[in-house]
There are 4 protein chains.
Amino acid sequence: MTGELHEECGVFGVWNVDNAANLAYYGLHALQHRGQEAAGIVCVDSDGTFTRTKGEGLVTEVFNQKNLSILNGRNSIAHVRYATAGGGGLDNVQPFLFHHHEGNFALCHNGNLVNSTALKRYLENRGTLFQSTSDSELLAHLIKVSHHRGDHRNFNEKYPMLATISSALNMLEGAFAFLVLTADAMYCMRDKYGLRPLSLGKLNDGWVVCSETCAMDTIGAEFVRDIEPGEVIVINNDGIYSSRYSGFHHHYMCAMEYVYFARPDSDIEDINVHAYRKQSGRILYHEAPVEADIVVGVPDSSLSAAMGYSEESGIPYEMGLIKNKYIGRTFIQPTQELREQGVRMKLSAVRTIVKGKRVIVIDDSIVRGTTSRRIVNLLREAGATEVHMRIASPPYAHPCYYGVDTATYEELISSRLSVEELRQKIGADSLHFLSIEGLYKSGNRCELCTACFSGNYPTSLYDNK
Amino acid sequence: MTGELHEECGVFGVWNVDNAANLAYYGLHALQHRGQEAAGIVCVDSDGTFTRTKGEGLVTEVFNQKNLSILNGRNSIAHVRYATAGGGGLDNVQPFLFHHHEGNFALCHNGNLVNSTALKRYLENRGTLFQSTSDSELLAHLIKVSHHRGDHRNFNEKYPMLATISSALNMLEGAFAFLVLTADAMYCMRDKYGLRPLSLGKLNDGWVVCSETCAMDTIGAEFVRDIEPGEVIVINNDGIYSSRYSGFHHHYMCAMEYVYFARPDSDIEDINVHAYRKQSGRILYHEAPVEADIVVGVPDSSLSAAMGYSEESGIPYEMGLIKNKYIGRTFIQPTQELREQGVRMKLSAVRTIVKGKRVIVIDDSIVRGTTSRRIVNLLREAGATEVHMRIASPPYAHPCYYGVDTATYEELISSRLSVEELRQKIGADSLHFLSIEGLYKSGNRCELCTACFSGNYPTSLYDNK
Amino acid sequence: MTGELHEECGVFGVWNVDNAANLAYYGLHALQHRGQEAAGIVCVDSDGTFTRTKGEGLVTEVFNQKNLSILNGRNSIAHVRYATAGGGGLDNVQPFLFHHHEGNFALCHNGNLVNSTALKRYLENRGTLFQSTSDSELLAHLIKVSHHRGDHRNFNEKYPMLATISSALNMLEGAFAFLVLTADAMYCMRDKYGLRPLSLGKLNDGWVVCSETCAMDTIGAEFVRDIEPGEVIVINNDGIYSSRYSGFHHHYMCAMEYVYFARPDSDIEDINVHAYRKQSGRILYHEAPVEADIVVGVPDSSLSAAMGYSEESGIPYEMGLIKNKYIGRTFIQPTQELREQGVRMKLSAVRTIVKGKRVIVIDDSIVRGTTSRRIVNLLREAGATEVHMRIASPPYAHPCYYGVDTATYEELISSRLSVEELRQKIGADSLHFLSIEGLYKSGNRCELCTACFSGNYPTSLYDNK
Amino acid sequence: MTGELHEECGVFGVWNVDNAANLAYYGLHALQHRGQEAAGIVCVDSDGTFTRTKGEGLVTEVFNQKNLSILNGRNSIAHVRYATAGGGGLDNVQPFLFHHHEGNFALCHNGNLVNSTALKRYLENRGTLFQSTSDSELLAHLIKVSHHRGDHRNFNEKYPMLATISSALNMLEGAFAFLVLTADAMYCMRDKYGLRPLSLGKLNDGWVVCSETCAMDTIGAEFVRDIEPGEVIVINNDGIYSSRYSGFHHHYMCAMEYVYFARPDSDIEDINVHAYRKQSGRILYHEAPVEADIVVGVPDSSLSAAMGYSEESGIPYEMGLIKNKYIGRTFIQPTQELREQGVRMKLSAVRTIVKGKRVIVIDDSIVRGTTSRRIVNLLREAGATEVHMRIASPPYAHPCYYGVDTATYEELISSRLSVEELRQKIGADSLHFLSIEGLYKSGNRCELCTACFSGNYPTSLYDNK
């Protein structure tokens, strides 16, 4: 279902490292798949001076040697994002940077809050002005408001913002991984439900935090551990200090991170993403076997599952679908007229491989159904005699409110059609989805957020319902 | 003294006009001389949706057909600025845009506040976070704070922000021309001292406000009147409403607007700038006549004064100095080595004209003295037998705190040297400045801000001393 | 051996199609892997007016809506290239466009001539001036010289340039696929040895020619047949006319097209590239089996071979190596210092998959050996207990003179080291290469150019030796 | 008549200087007024390696620190051009660079040939292919053809190309200033009629040649002398060698260089351009006096003439018209709709100055008449009671074939209308032109090209009639 769902962001931070801005650049590059519409890096130097470069576009479009070279210091946070419907524009590109005489600070965020409307009203009624339309700006203002409410009575002089940050976090409901960078420390926190990933690593005498471990590997850092749900970690020049802003915590990690979002070489909560997907393919075979000549994965995210299905079934894996690697905003999309003429930029089927074959095609998920129908058509036009579709996740039937840019119920085809109706719609000879049980078994996990499949939302939803 | 002083900004606004964004583009182009480092335009459409394009560079560099075309609506404010020492970066590029559930609004500013340090501390102590390092952001927060202090008790339902804006303006001390754009109205205001210009014009059924009248002429609008010191004008679809936030008011218009900053075709408080300058040249001749063969003006800003001096003295005006028209940030400045080799990008003397002549050279002002010394050298190298320098303003001996990026006392050569010492330093055969009295007489005015010449600052200076 | 070898170009042409320039854009995009340094498109309209857009960079960087929109007409040729050592610069970016009163024409070329030095001398002695340093310009001048030698005595009025083109082609020795576009016809030709691919397709009433069939699939065209070695095809509004410029012809297709260059979904001389590679992996297993836990392919070009090896051996295929998808000239390469710090942009090993495993790693070829040593190191650092390297082609020991930017003999590690010496150098536990016989068997072919493996060059080499 | 006529180019060259490429950049900048559509610089280093940067746009748009830094060596030629109707596109941007085993060379050209059609036919019939549509490429081919015709029998070993260049120049008819750069020498030549300017200067141990002396002044070089009509100067490391390719020679310098094209600080054939213009204004007063209140010049090129008229008449000079300084291709021109709304980007009249006044407006020339009509309207709208137009050149009634992009006879309003008809058309109260005699007297010259005024073309016109 390539391209139908979008993770909203990836975050990256380093503390006390040489070439902090360059490492942030390479780190963001490794996280590019988590957000291709905008990117930014903030650094702070030993004098407390903050510098920032941000812009719209791919990491390679936003940054150049000149605008990276102005970023000074050994400490940095950075961000890539997918521009959500309501909130394009440069003002919404993170990290945000705030000026205050008690000390400037920068902030970036992965995830989505569910009570942002209420929090915005609360702050605006106190006279707060917002300069972005992003939820992520809320935390900054809540920190300052907490401060002036006196929530820093438990002031810890080594970590001056810890009390107010913790107080502010308790007002937030939803999914988040936040990084806050001050002149003296970097604060890293995950929501208490554990919905969004955030990992900690070591690089020489310094530290790295990032949404996915692949960014650590890229810069030669060593994985230490995940930030825990409900935890605030403070990193300063004395090392690491761990604190909890909430006693309640779960590990409802977003199942779609495993299924689709994350890079296959990342480990999320100790489970390798490729391994998860391959295992889901094996389980899918046992849940829905079928006689056929070849197994084909929809590139790129479904290749691991397809290999698992192929290995378990003994049916050979073939490269029957090819994805064209155009990326970035500068690509000129084909017009409707050209698409009708047959111009196919995203996916093409390999006639020589597919012709005369009974094909099992593995995809990671079905969202709107349009891609699936196109894939079945492509394969049939290329001469496939049978097309059996197997989906390595359950039917996607409920919107996500935790940072994934999904459609409404109306657009989610599985909320409207039964599996059999959907099979007819996409024109496949057979169609089967992985069970929800299969999702847990693929990672051998006992907790996951399966809200988009099951409708069981781990948080209250407030006005999102 | 071309290039030694920089006006900080120009503002432009239109209400209820076709092609608002395009008119703003052409208006900013006419104001380009007031700020060459950054530019921005905000529009608001009839649904209350704000759109913005801004960036660093010249107007022609920042805007293109594509990013102008996203600016919708009949109402717009716009800004050009010179990047002051402390405050580069995209965050400081105006207009600023603020989000608030009671209504978004945009704001831009020409001038400089003298009590910004105190106001920032006041706001930060209430929990306010700043996203720019610009003084101009203060007004936005003060408006909201006034609101929540209850200053809208005099609420006027036709002009919902008028009471809070007026209350906020009374907290500001310094020089300003502000434009505030909401979905329903545009608010235009000048400081009570009258330090910075702001003019009102009519375009069909709509309105124009701008720092200089040349921007009106460019777009075919008709001049109506100047905004008065201490006045707030509200423009909405019912027309214009005038209000005073302060009973105290003066017309201490910045004398340097006439002497150097403004475009010669602009009228400032009913005085044409070219006419002012030409008259100052005539007066300068009477104050400091000298026998010579030709009169030469330092281009571009001193040409009018030189013509006045020439006409009054009967000594022919000649084009003995030529200014090269490179502008913009993309010009590659000559290295020190090339400058020593004789590469002269800014000014060159025309040997054929100057050779063997006694030259009177007219400049508008002397700030650091380096340009003057260079001009005298250029003329002598080109064969001038005598060089008499006449300056169409008094010695510039005091820093400006009202929006001009001047040097400190140490850098102002007239604060350290007498006229005779300065004459020796720059190597002229004679040197005379216009008197302060001459400044008033040139425009037949009885009020002016002459702080940079006389040290008489019309406002309190707070911590700027 | 990702990135160590570079195919020099891809060509694309359409005749009599709607949206010719747009199709060329999408066609070039599909051929992007054949040349990432420059791209160009020439169109000719029904009035015989030629328009061109070209530039350095990726297809998405060179073209935009504006510069595509100036390309008019239903006929077009287009080109992507890799900038070879000697010949960067915009002048060398193809298609070339020539002005002549008998009719302008454009030309583009994939391949390399071996007698260019002699031909250049011949032409320069007649007074010819070259505006590029590219071999490809030679054909244009030879056509005109042939004309003035009288080689058009066999003039065919329907195909006015056919005789002179054929005459000129007979002077060329080496590898080529040429497209020549005139106002009346498109001429398409391949060298008589069949070294470089060129395929013909149909699109509604029009025609497509391109280096690889994947470009046809992308734009919805239907494959017709390959251009034959020694053939000149003329396409005009009456249809297709086939002619031979040489009676001698072979099918010495470049083996590296199958092994590395071509896209897996392309068919080259009726053999699907993915299928060839998978088969080579199967044969490689039979030639060099080894006991191990997992098979890992070096992405992207070795994945098919690795799957073949895995299927044939029954050893599971795993995604143990990940390639980062940075592309384009704007990517900021890590400095040496950062590389030593461990920043790894090209490849990373997935610890969770590799740790504690005996790994068979499949690569398509070894050129300089540096990448192989790095891969072995990466796998061992990630915890592999054994690393067995299997190469899906024979030792690359001889330079290519046919359009591949290879190193000299000194740089080709297999020309200096035996397989055992090389194994020690790269630090693998075992190392085996596919046999030359295996190359033929993988495609079930009886002719191939294996010069880089065997030293058997199908053409005379002139001064290249 | 600002903007109605365009000089086509400016050339610049240096030999044996430090920072050759940088000096070329500053030299081109000083010549920017001679061509604003494209620019290029070629350098050659001591190894004979040529490097080039060229592009479309202003000098500041084409060059940046990076692409200047690749230009190595102490010798350079450079070019700015205005894109003529038939020949836009990067291929036509000069300097041209040619590759030949006897030695590469570069070439640039100011002017236009009148026998180019015949020469092109001659060369194409020998098999020559052209890669630009520019006349300027012809010389390069003619040099090589001369060589192979044996015209180098008078070979001079110190100046190896001198004989063939001289032979080739004798085939050219028209207006030119050519620079040819080889590894060993720079050749500089002017046509035998003396139509286009070219001056020689000294810079330390090196040399400078350029279209106008202002480029010399800019880089600190000293004027030596003009290149003579019919002269070829060869500059190499031994110094300067002067040669004549033609015994026939005249000084028919283009009168429009003095009237409009050249920069006022340039000296052309020992006459300062500003001085020429001022004198023409004085003569114009004597030829056509009128009673009025103010004299206004159309900026920028008519200011000198207006000052002359003012001084001679005693009527004060005022800045009644202002030109907006937008330049470059990135400026967004107002649409027709906006122009009708009154948006005036080029010129505006200053109401305060003009209102109630009888105005004498001085322009340098009238080409199409549209600008003149607009100026009269602007002045009347601004309140002028009378508008008397005085033109500092005779009626422009004949096309130029020597490098000025003029209109056809149909478009030249003075070829169709009498002065009185024209006066009515533009709506002036009176209209007078300078006499042809006045053109000669203004510069105290006895030879000039006045073809565009008199129809007396100094050369044969071939097929241009």
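**Exercise 1.** State which residues Met389(A) touches, not counting residues up to four places away in sequence.

*Solution.* Contact requires heavy atoms within 4.5 Å. On this criterion, Met389(A) touches Val361(A), Ile366(A), Ser372(A), Ile375(A), Val376(A), Ile426(A), Ala428(A), Ser430(A), Leu431(A) and His432(A).

The model is predicted: local features need pLDDT of at least 70, side-chain atom pairs count only at pLDDT 80 or more, and totals for chains, interfaces and linings use all residues. Residues are numbered from 1 along each chain as its sequence is written, chains are lettered from A in the order in which they are written, and side-chain values use heavy atoms, with hydrogens and water left out.

**Exercise 2.** Determine how many residues contact takes from chain A and from chain C, and the area buried between these chains.

*Solution.* First, the contact draws 52 residues from chain A and 52 residues from chain C. Next, the buried area (accessible area, 1.4 Å probe, lost by two parts on being put together, summed over both) is about 4600 Å². Carbon and sulfur atoms give 56% of that area.

**Exercise 3.** Give the count of salt bridges between chain A and chain C, and describe one between Lys278(C) and Glu318(A).

*Solution.* A salt bridge places a side-chain nitrogen of Lys or Arg within 4 Å of a carboxyl oxygen of Asp or Glu. Between chain A and chain C the count is two. In one salt bridge, the side chains of Lys278(C) and Glu318(A) meet at 2.5 Å, N to O.
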